[in-house]
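Hi everyone, thanks for coming along. I'd like to walk you through one structure today, so please have a look at the sequence and the model before I start.

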Amino acid sequence: MQTAIGGSERIAAIHDYEESVQAQTWNNEGKLNGEVLKRTRWITPNYLRLDQVGPDDTYVLYFDGKSGWEILPDKSVLPLVGGELKFAQKYLFGLRLKLWLADRDSRYLVESLAKNVIRISDKNDETNKLDITLDPVSSLPVKQMDGSTETRLEQWSAVQGVQFPHLLSMIKDGATVAVIHVNKIELDRDLKVDELGKKPQDLKPVM
């Protein structure tokens, strides 16, 4: 898998990552919620910033791997605790650039349950685990299973020699809940931790 994506050394050399996506989401009854815009920034090893605008889930989140803060739709600023801290920890666990190098990180347990299937578990939280299914020809990931949610990974193309999926479909209990189009991926822009950790003056997501 690492070779197909671009090689473990090339993946490991990535210092920072930025991704902007546009998504359509549906509720449990199959009704369209509307459009979601999301900007993800990450600096190795564990600095994460999320800015999201959506009909029901607009927020800003910063996490340094241990603690952080979030800005809610009403512009209240809160420390990450409880379920919100767990959300940030799970998000960081599932970040693609970290999953792709799981064999290099002592936090992860990597197993193979079947041919072309990799299970990656979190040694710090047994509820964090997912199964990655590889294409038998290309060895690129085609599907991820996280509990009852399946994510299909399509339209792979290279950014600076590293392959990324540019179309993702999330399916839960047989119903599509999100279709995500990746508009932009940028690597090694020399992002700064101070930049990620800076709260916007207007307390709105920075898109």
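This is a predicted model: local features need pLDDT of at least 70, side-chain atom pairs count only at pLDDT 80 or more; totals for chains, interfaces and linings use all residues.

How many salt bridges does the structure hold? The count is 17. Another one I like joins Arg41 and Glu195, with the closest N and O atoms 3.5 Å apart. Here Arg41 sits in strand E2, residues 32–43, and Glu195 in helix H5, residues 193–196, so the pair ties together parts that are 154 residues apart in sequence. Look at the accessibility of the two ends: Arg41 has a value of 3% and counts as buried, whereas Glu195 has 33% and counts as partly exposed.

Then there is Lys184 with Glu186, another salt bridge, at 3.7 Å from N to O.

The largest nonpolar core has 42 residues, and the members that touch the most others are Ile5, Leu97, Trp100, Ile120 and Phe164. Which strand gives this core its largest share? That is strand E13, residues 175–187, with five residues. If you click on Leu97 and ignore its neighbours within four places in sequence, you will find it in contact with Ile11, Ile14, Tyr17, Trp42 and Phe164. A separate core of seven residues lies apart from the largest one, and includes Trp69, Ile71, Leu191 and Leu196.

Now for the aromatics. Searching the whole structure gives seven aromatic pairs. One of them is Tyr59 with Phe87, an edge-to-face pair with 6.4 Å between centres and 85° between planes. Tyr59 is in strand E4, residues 59–63, and Phe87 is in helix H3, so this pair links distant parts of the chain, 28 residues apart. Tyr59 counts as buried at 14%, while Phe87 is partly exposed at 35%.

Trp100 and Phe164 have ring centres 5.4 Å apart and planes at 45°, so theirs is a tilted pair. Trp100 is in the loop between helix H4 and strand E7, and Phe164 is in strand E12, residues 162–172, which puts them 64 residues apart. Both ends are buried: Trp100 has 2% relative accessibility, and Phe164 has 0%. Together with Tyr17 and Trp156, these two form one aromatic cluster. Rings meet charges here as well: the charged end of Arg107 sits over the ring of Tyr108, 6.0 Å from its centre.

Let me finish with E4, the strand that holds Tyr59. How many of the residues of E4 are buried? The answer is five of its five. In a regular strand the side chains alternate between the two faces of the sheet. In E4, Tyr59, Leu61 and Phe63 point one way, Val60 and Tyr62 point the other way, and all are buried.

What are the partners of E4? With strand E3, residues 47–53, E4 pairs in the antiparallel sense over five bridges, and Leu61 is the bridge partner of Leu50. A hairpin through five residues joins E3 to E4. With strand E5, residues 68–71, the pairing is antiparallel again, over four bridges, and Val60 stands opposite Ile71. E4 and E5 form a hairpin too, with four residues between them, and Gly65 in that turn has a positive phi of about 100°.

Conventions: Residues are numbered from 1 along each chain as its sequence is written. Side-chain values use heavy atoms; hydrogens and water are left out. A salt bridge is a side-chain nitrogen of Lys or Arg within 4 Å of a carboxyl oxygen of Asp or Glu. Helices (H or I, at least four residues) and strands (E, at least two) are DSSP runs, numbered from the N terminus. Buried means under 20% relative accessible area, exposed over 50%, partly exposed in between (1.4 Å probe, protein chains only). A nonpolar core is a set of buried Ala, Val, Leu, Ile, Met, Phe, Trp, Tyr and Cys residues joined through side-chain atoms within 4.5 Å. Contact means heavy atoms within 4.5 Å. Rings of Phe, Tyr and Trp (its six-membered ring) pair if their centres lie within 6.5 Å; planes under 30 degrees apart count as stacked, over 60 as edge-to-face and the rest as tilted. A charge sits over a ring if NZ of Lys or CZ of Arg is within 6 Å of the ring centre and within 35 degrees of the ring normal. Two strands pair if DSSP finds at least two bridges between them.
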